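Hi,

Here is the model I said I would pass on. Have a look at it first, and my notes follow below.

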Amino acid sequence: MKRALSDLFGGFVSLLTGLRITLQQFFKPSVTVHYPHETLPMPERFRGPVMLVRDPATGQALCIACKSCEKACPSDCLVVEGVKREGDKKKSVTEFKLDFTRCSLCGSCVEVCPVDALKFSKAYNLASTSRTAFCQIDLLERREEPRP
Amino acid sequence: MLLEQTISTRGTEPAPETFVLNLGPQHPATHGVLRLKLTMDGEYILRGEPVPGYIHRMHEKMGENRTYAQFLPNTSRIDYLAAMHYTHALVALVERAAGIEVPPRAEYVRVITSELNRISSHLVWFGAYLLDLGGFTPLLYAFDDREKILDLLEAITGARLTYGYYRFGGLANDVDAAFVEGTRAFVTYMQPRLDLYRKLVTDNIILRKRLEDIGPISAEMCRRYGASGPVLRGAGVACDVRRTEPYSVYPSLDFAVPVFPEGDCLARYRVRMEEMAQSLRIIDQALTQLPEGPIQAKVPRVIKLPPGEYYSAVEAARGRFAIRVVSDGKDIPYRVKLRTPSFANLTLFEEASQGMMLPDALALLGSLDLVIPDIDR
C-alpha cells in the first residue's frame, strides 16, 4: 500500500518534470536545417567523389598516370592509362575512369597519389535515374564539381 | 519460470495451439534485417529463435583477399555506429605485430575520437531504444546532441559515419585547434544534458515500470554465451577491455567501469548512461594531456606481418570486439576472424526470452543494443 502510494506520487512528479523539460524546449530556437531550401557548408576535409586536380594555368591534369591509385583502390574502381609524349619528362594521362557505384569513399587513392593530382569533391547529393550514369565516370572530361 | 507460472494458471499442459510469429526481417524494432522466429503461446514466447544472415557481406573473406591497408576501410563498416573502435582494433593488431611505435599524440587523438564515437553510438541506442518502447521525444534530444559529435568528427575525418580515420602507425590527418576547442565545448555542454536525460527519461515512472525486473540476464548466462560490454556489466561483472587488457593510452587515464548488478533491462540502460558520463571524463583528461608532436610513425610501404597468429581486442560501444589474423608472411592475411559483440549478445536472446511476453521481449532485444551488420558482418 505504502509502496503503491509512493509510486503514484513519485511517478506523478516524474511525469511533471518531464513535461516541464519538453515545455522549456518548446521556447528554444529550432535546430533543424530546412533542406533543400537551406544547406550547410561542407567541411574542408569532406570526402565526396574524387576528381582530378588541374594546373590552373594550362588546365591540364596533374596526373602522371603512375597507376598508384589503381593499385591502392580496394574495390578496383579506377582505370588509368597514360602515354609519354615526345619532349615531356613525365607521362601524361589519357584515360581516367571512375566506377562510382563501387567506390566507398575511403580515400586511399587520394592518399597514395605522389603528385597530389586527386582531390575530393564536395558533392553529397548526386542522383540519377540510371545506374550507368555512375559506373563509367570520365574524370578527364569533368572539370567542375559534380552536380546532381 | 514465468512460463511455468502462466502454464500453471491454465492447467498442467501448455495450450494445445501454438503459432509461429515472424518478427522481421523488416520490422522497426529489429533495427535492420534481423529476423526472429517466435513460437508463441498466446502473448507468451515459448521459443524465440534469432535468424541472422540477411545482411552478410563476407567481411572476413574480403580481408583474406586484399592487403591490410585495403581492408582498413572495411573495419568502419562492420558496426557502422562505432566505426572508430573497429578501425582501432585492426591498426593496433598490425602495429603490435609489425612493431610499429605510435606517436603519443596519435594515441591520445585516437582515444578522444573513440570516446566521442562511443557517446554518439550510445545516443543512437538511447533514442532508438526509447522509440521501441513507445517514447518518441527522447530520440530528437539524442540526435540533436549526436549531431554535435558528428559535426566535430566530420570536420577532422571527412565522413559522418564511416570515418576510416586511423592509419597503421598513426592517423590520416592531424586535429586542429578548432577540434580541441569544439570538443571541450561539447564536454561542458554534454554534462548537463546527461542530467536532463535523467530527469526526462531515467526517472520517468513509465520507463521504470517498463524496464525494472524485465529480461533478467545473469552473469552466469553471459559467461556461457560470451556476452560482453554493457550486457555483461549490467549483470554485475566489472569487465571492460580497456581495463582488463589495456591498449592505447587508457592506463594513464582515470575512469570508472560502471557496473549494475540487477541484470535487468534497466541495469543495462543505466550502464550505458553512466558510460557516457565516463567517456566525457576520459575525453576531458585526454584533451588536457594531449601532447604536441607528430601523428604518424614511419611505416613500410608494403605491410607484411611475420608468419604467426595475432590477436587484438578493443572495447567497442557494444562490447568486446576482437580481430584474429593468421599471417603466412605475405602482404595478404591468410585468415581473418572477426569476433563481434552483437553476435555474442544476440545468442543469449533465445534463452533469455523464454516465457516472456512479446512487448517485454522487445524491451529485452532493444536493451542488447544490436547492430545487425555487426551480427552478420
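Keep in mind that this is a predicted model. A salt bridge joins the side chains of B:Arg47 and B:Glu350, with 2.7 Å from N to O.

Which elements build the domain 1 side? Those giving two or more residues to the side that touches domain 2 are helix H1 (2-10) and strands S1 (19-23), S2 (35-41) and S3 (44-51) of chain B. S3(B) supplies the largest share, seven residues. Sorted by class, that side of domain 1 has 15 nonpolar residues, four polar and three charged.

For orientation, the domain assignment puts domain 1 of chain B at 2-51 and domain 2 at 59-375. Their centres, taken over C-alpha atoms, are 31 Å apart. In terms of contacts, 22 residues of domain 1 of chain B touch 17 residues of domain 2.

On area, the two domains of chain B bury about 1,700 Å² between them, and 67% of that is on carbon and sulfur atoms. Within domain 1, the residues that lose the most area to domain 2 are B:His31, B:Glu43 and B:Ile45, which together make up 32% of what that side buries.

Cheers

Note on methods: Residues are numbered from 1 along each chain as its sequence is written. Chains are lettered from A and ligands numbered from 1 in the order in which they are written. This is a predicted model: local features need pLDDT of at least 70, side-chain atom pairs count only at pLDDT 80 or more; totals for chains, interfaces and linings use all residues. Side-chain values use heavy atoms; hydrogens and water are left out. Domain bounds come from an automatic or database domain assignment. Contact means heavy atoms within 4.5 Å. Buried area is the accessible area (1.4 Å probe) that two parts lose on being put together, summed over both. A salt bridge is a side-chain nitrogen of Lys or Arg within 4 Å of a carboxyl oxygen of Asp or Glu. Helices (H or I, at least four residues) and strands (E, at least two) are DSSP runs, numbered from the N terminus. Ala, Val, Leu, Ile, Met, Phe, Trp, Tyr, Cys and Pro count as nonpolar, Asp, Glu, Lys and Arg as charged, and the others, Gly among them, as polar.
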